[in-house]
Amino acid sequence: MAVLGVFVLYPFGQAIYRSFTEWNGANIDEFVGLANYRTMFTEDPLFWRSIRNGGLLTVAFVAQSVLVPLGTAWLIHHLRSDRVQYWLRILLLVPAVVPTVVSFLVWSQFLQPDGLVNRLVGVVGLDSLGHNWLGDTDFVLFALILVGFPWLNGANTLIYLAGLLTIPHDLYEAARMDGAGRWRTFWSVELPLLRGQTRLLVILSVILGLQNYDNVFLLTQGGPADASVVPGLLLYNNAFRYGQYGYAAAIGVVLFVVIFVLTVLGPARPWRKEH
C-alpha cells in the first residue's frame, strides 16, 4: 500500500491539485481555481480539435484491435491442420518483437509523396488518388489510421483463440444438428461466448487509443496546421514546450475523467447484470 501511495496516489493527487494552479515547474506557482478549465473549454480551440481527432482515431483503433484479431482467430481456429494452427500462432508473435518506433518510422517513409503507398496506387492505375498523406490537412487523419495496415495484433488474436478453444464441442454438434452453417454458428454460438474477450479488448483499446500520441508525435508533430493534434500531444506540448504545467495537468485530469467514464462505468453495468 505504501508503494501504491507513493508512486500512484500521490502523483495522481498532485496532478489534480496542479490543475488548479498556474505553475511553470519552477518559480511561478499560483492557485488560480478553475481558470485552467475555463480556458480549456472556452478559449482554446486546439482542445476541442484534439478531442475530435482523438475520438476519431480511438474509434478506428478499437475497430482495428477487435475486428481484425477476431476474424484472424476464427480462421485459424477452424483450420483442419493442428500443425498449421501451431505455426500460425507462433508467427502471430513475430510482429510483437519489432519496436513500435521502428514501425512508425517505416510507415513515415511509406506515406511520403514518393513512398510505397503512392507507388501502389499508381501501379493499379489510380495515380489521381496519390497524396502527400502526412502533409495534407484533409488526409492526415486517414493516413494515421492507415498506419500498421493490416492491423494484425498478435496478442489480441491469441486472446480470441484462447476463448474459442474453451467453447465446448457439444455446442458445435448441437448447432450442426440444428442445421446451422458457419455464419449462423459464429453469430449464435461463438460470438456470444467471446463477449468477455471482446469487452476486455474494447476497454484496453479505448484506454490506449485516448492516451496514445506517440504515432502522432513521430509522424506529424500534430500538423499540418494542427490538423492531427490529439489530447496527449496537446498535454505534452503545454508541459514540455510551453512550460504550462498547470494547464497540462488540467488536460490530463479531463482526459482521465473521459477514459474513466467510457471504460469503467460503461462496461461495468452489463457485467454486473450477467452475474
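Me: At what angle do α3 and helix α4 pack, and how far apart are their axes?

Reply: Please note that this model is predicted. In general, two packed helices are described by the angle between their axes and by the distance between those axes. Here, α3 and helix α4 (residues 82–92) pack at about 155°, and their axes are 10 Å apart. Because angles over 145 degrees count as roughly antiparallel, α3 is roughly antiparallel to α4.

Me: Which residues of α3 and of α4 make the contact?

Reply: From α3 come Thr72, Ile76 and His77, while α4 contributes Gln85, Leu88 and Leu92.

Me: Let us turn to Thr58. Where is Thr58 found, and is Thr58 buried or exposed?

Reply: Thr58 belongs to helix α3, which covers residues 45–77. Its relative accessible area is 6%. Since buried means under 20% relative accessible area, Thr58 is buried.

Me: What is Thr58 in contact with, leaving aside its neighbours within four places in sequence?

Reply: With those neighbours left aside, Thr58 is in contact with Ser205, Val206, Gly209 and Leu210.

Me: Which residues of helix α13 are buried, and what follows α13?

Reply: In helix α13 (residues 231–241), the buried residues include Pro231, Gly232, Leu233, Leu234, Asn237, Asn238 and Ala239. After α13 comes Gly243, with a positive phi near 70°.

Definitions and conventions:
Residues are numbered from 1 along each chain as its sequence is written. This is a predicted model: local features need pLDDT of at least 70, side-chain atom pairs count only at pLDDT 80 or more; totals for chains, interfaces and linings use all residues. Side-chain values use heavy atoms; hydrogens and water are left out. Helices (H or I, at least four residues) and strands (E, at least two) are DSSP runs, numbered from the N terminus. Buried means under 20% relative accessible area, exposed over 50%, partly exposed in between (1.4 Å probe, protein chains only). Contact means heavy atoms within 4.5 Å. Axes are lines fitted to C-alpha atoms, for helices over the stretch in contact, and angles run from 0 to 180 degrees between N-to-C directions. Angles under 35 degrees count as roughly parallel, over 145 as roughly antiparallel, 65 to 115 as roughly perpendicular and the rest as oblique.
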